[in-house]
Amino acid sequence: MSAESIIAFRADLRDFIRRELPLEIAGRVAGGMELDKSDYVRWQQILHRHGWFAGAWPVEHGGQGWDLRRQLAFLQETALNDAPMIIPYGVSMVGPVIYTFGSEAQKRQHLPGVLSSEVWWCQGYSEPGAGSDLAALRTTAVRDGDEYVVNGSKLWTTEAHWADMMHCLVRTSNTGKRQEGISFLLIDMKTPGITVRPILTIDGQHHTNEVFLDDVRVPAGNLVGSEGDGWRIAKFLLGNERVAIADTGAKLRLLARLSAMNAMVQADPTVLPMVKAQHAARLVDLTVRLDTLCALEEHCVEAWAAGSPLGSTASMLKVRGTEVLQAMSEFAVALQGAYAGVHDPADLHLPGDARINAARQASMMAHQYLYGRCWSIFGGTNEVQRNIIAAGILP
Ligand SMILES: Cc1cc2nc3c(=O)[nH]c(=O)nc-3n(C[C@H](O)[C@H](O)[C@H](O)COP(=O)(O)OP(=O)(O)OC[C@H]3O[C@@H](n4cnc5c(N)ncnc54)[C@H](O)[C@@H]3O)c2cc1C
């Protein structure tokens, strides 16, 4: 794919977003406010009607067959233009798993709901005692006739309270290597025996949950692949997420905001010159760090597009990306000056047309800072990513 066609694609996207993205949703994204499920569904359905929601999927399954460069351009351009992020659990995670490993019946049953966003998915991998060491998971699925009986619990399950379905790793065997006893099961969240309990994260918001499974009966037809295939499928799923891992579009948007906030501080006669100089230097430093992250991301995408294996490069993007995000969110709080301590989680749920005053802006920035801590934990902690990098490059 030529550079010219990517430039033209980006221009088409910008036009499309200007025409189609509802203003109240764009306003909430630009203001750093929380979105409801209905906002995400609305935007995803707008994209789907245009054929752009599942652009990375193969054409035969309802996608556009976009290559990695086009996928990256889509992610950056939508973020830069205040569109909501695409929630990955359906379209980027379970969808590709089902069209790659699923039976024809599973494809017919599940892919249309993912594409239309009418069926909302969550990801049930982590458990108490099985996060970084995922192979330690203990939730069991025992075959009983045409069903599996599932018992155990999942932890940190993001959006389980919105979800209709969960793609879940379960233990179907305790013999052999731990990884070989893991299977991939699709579970209807309305099944009797499932309890979802909220966990409020450090920012005071309800993003994630505990999910308890007590004698949950799941049709055996909901097993993807064969028993014991779960580990292989989970690894495929993580590799599939590589283009989104550095999330540079959202960071470029945040940098523009920090730049505007810094300009206001620089123009404020009550701020000491020394403080202004520190802020200016920090902004330059962050700009350079983000530029290098974008360059690393482009380099990785080019290499993957040319057939290079994932290796430890995705881990480098994850570590660097989260470090840059956290440094940016620290700067955002510093720019708040006297308002730096303000954080009212309720501010994030105000109506879309609420005026953003200084205190509300401080709440948004505090939210950015606090939730930013989670980024170096989920999707594999930064310490674990560093182990992967070390194993990949050290003799
Ligand atoms: C906000 C949020 C949302 C999440 N959403 C989901 C979700 O939707 N679905 C899902 O399945 N999971 C989800 N997770 C879980 C996430 O993937 C795990 O929290 C993560 O993998 C870490 O596992 P743990 O919490 O059990 O910590 P542990 O694995 O217990 O780690 C504790 C500490 O020890 C360090 N550590 C562990 N092992 C090593 C090692 N070998 N070398 C060096 N250091 C090590 C870790 O880096 C960490 O600092 C979410 C987590 C958060 C915080």
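Guide: In this predicted model, the C-alpha centres of domain 2 and domain 3 lie 32 Å apart. Their contact takes 6 residues from domain 2 and 9 residues from domain 3. On the side of domain 2 that touches domain 3, the residues comprise 1 nonpolar, 4 polar and 1 charged. The domain assignment places domain 2 at 121-228 and domain 3 at 245-393, with domain 1 at 3-86.

Two helices deserve attention next. Helix α5 (residues 88-101) and helix α7 (residues 230-240) have axes that come within 9 Å and cross at roughly 125°. The crossing of α5 past α7 is right-handed. From α5, the contact is made by S92, M93, P96, V97, T100 and F101, and from α7 by I233, F236, L237 and N240. These residues divide into 7 nonpolar, 3 polar and no charged.

The strands centre on β7 (residues 206-219). Strand β3 (residues 147-155) pairs with β7 in the antiparallel sense over 8 bridges, and V149 stands opposite R217 in β7. Strand β6 (residues 194-200) also runs antiparallel to β7, joined to that strand by 7 bridges; here T195 has F212 of β7 as its bridge partner. The hairpin of β6 and β7 has 5 residues between the strands, and in this hairpin G204 takes a positive phi near 80°.

Key:
Residues are numbered from 1 along each chain as its sequence is written. This is a predicted model: local features need pLDDT of at least 70, side-chain atom pairs count only at pLDDT 80 or more; totals for chains, interfaces and linings use all residues. Domain bounds come from an automatic or database domain assignment. Two residues are in contact if their C-beta atoms, placed from the backbone, lie within 7 Å. Ala, Val, Leu, Ile, Met, Phe, Trp, Tyr, Cys and Pro count as nonpolar, Asp, Glu, Lys and Arg as charged, and the others, Gly among them, as polar. Axes are lines fitted to C-alpha atoms, for helices over the stretch in contact, and angles run from 0 to 180 degrees between N-to-C directions. Helices (H or I, at least four residues) and strands (E, at least two) are DSSP runs, numbered from the N terminus. A crossing is left-handed if the near helix is turned anticlockwise from the far one by less than a right angle, and right-handed if clockwise. Two strands pair if DSSP finds at least two bridges between them.
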